[in-house]
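My notes follow in the order in which I looked things up.

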Amino acid sequence: MAFYFERDSFYHIYKDCPDIDTNLKEEKIVGTGEKEVCLKCAERKKVELVKRKELDNKKEKQAQREKNKRHSKGVWKKKY
């Protein structure tokens, strides 16, 4: 969930972003406030998207291997 502070000219995606000053008691405002995303949050999101894509590709390849294994063993062949 995105949030921003009044003093900032950008919004954050992650609560543990290193750019957030934890000493301030300023209230977080939910939403983007039509501001640009924090550079560190954007970089982290890009890295997470790449990792997620790699994981999806791995799962897809594994599923295809299993399907090929079953097919080659004759599971899908009709027995007469």
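**Fold and confidence**

Reading along the sequence, I find that the protein follows the pattern β-β-β-β-α, which comes to one helix and four strands; helices (H or I, at least four residues) and strands (E, at least two) are taken as DSSP runs and numbered from the N terminus. I note that this is a predicted model, in which local features need pLDDT of at least 70 and side-chain atom pairs count only at pLDDT 80 or more, while totals for chains, interfaces and linings use all residues. Residues are numbered from 1 along each chain as its sequence is written, and side-chain values use heavy atoms, with hydrogens and water left out.

I looked up the confidence next: pLDDT, the predictor's confidence in each residue on a scale from 0 to 100, has a mean of 81 for the protein, and 82% of its residues reach 70 or more. Confidence is lowest in strand 1 (residues 3-4), at a mean of 76, and highest in helix 1, at 89.

For burial I used relative accessible area, with buried meaning under 20%, exposed over 50% and partly exposed in between (1.4 Å probe, protein chains only). Of the 80 residues of the protein, 16% count as buried. I then looked at contacts (heavy atoms within 4.5 Å), and among those between residues at least 6 apart in sequence, 54% join residues at least 24 apart.

**Cysteines and H12**

How many disulfides does the structure hold? I find zero disulfides, a disulfide being a pair of cysteine sulfur atoms within 2.5 Å. C17 is in no disulfide, and its nearest cysteine sulfur, that of C41, is 3.6 Å away. For C38 the closest cysteine sulfur is in C17, at 3.7 Å, which is too far for a bond. C17 counts as buried, with 6% relative accessibility, and C38 counts as buried too, at 1%.

Is H12 buried or exposed? At 0% relative accessibility, H12 counts as buried. Leaving aside residues up to four places away in sequence, I see that H12 touches C17, C38 and C41, and also M1, A2, F3, F5, D19 and I20.

**Salt bridges**

My count comes to three salt bridges, where a salt bridge is a side-chain nitrogen of Lys or Arg within 4 Å of a carboxyl oxygen of Asp or Glu.

I began with D16 and R44, whose side chains meet in a salt bridge at 2.7 Å, N to O. D16 lies in the loop between strand 2 (10-11) and strand 3 (29-30) and R44 lies in helix 1 (residues 39-72), so this pair ties together parts that are 28 residues apart in sequence. D16 counts as exposed at 53% relative accessibility, whereas R44 counts as partly exposed at 31%.

The side chains of K40 and D19 meet in a salt bridge at 3.3 Å, N to O. K40 lies in helix 1 and D19 in the loop between strand 2 and strand 3, so the pair ties together parts that are 21 residues apart in sequence. Both ends are partly exposed, K40 with a relative accessible area of 43% and D19 with 37%.

The side chains of E48 and R44 also meet in a salt bridge, at 3.5 Å, N to O. E48 and R44 are four residues apart in helix 1, and are therefore separated by about one helical turn. E48 is partly exposed, with a relative accessible area of 30%. Salt bridges that share partners join D16, R44 and E48 into one network.

**Rings and one backbone angle**

I looked for aromatic pairs, meaning rings of Phe, Tyr and Trp (its six-membered ring) with centres within 6.5 Å, where planes under 30 degrees apart count as stacked, over 60 as edge-to-face and the rest as tilted; a search of the whole structure finds zero. The charged end of R44, however, sits over the ring of Y14, 3.9 Å from its centre, by the rule that NZ of Lys or CZ of Arg is within 6 Å of the ring centre and within 35 degrees of the ring normal.

Last, I checked E34, which is found in the loop between strand 3 and strand 4 (36-37). E34 has a positive phi of about 55 degrees although it is not a glycine. Most residues other than glycine have a negative phi. E34 is exposed, with a relative accessible area of 80%.
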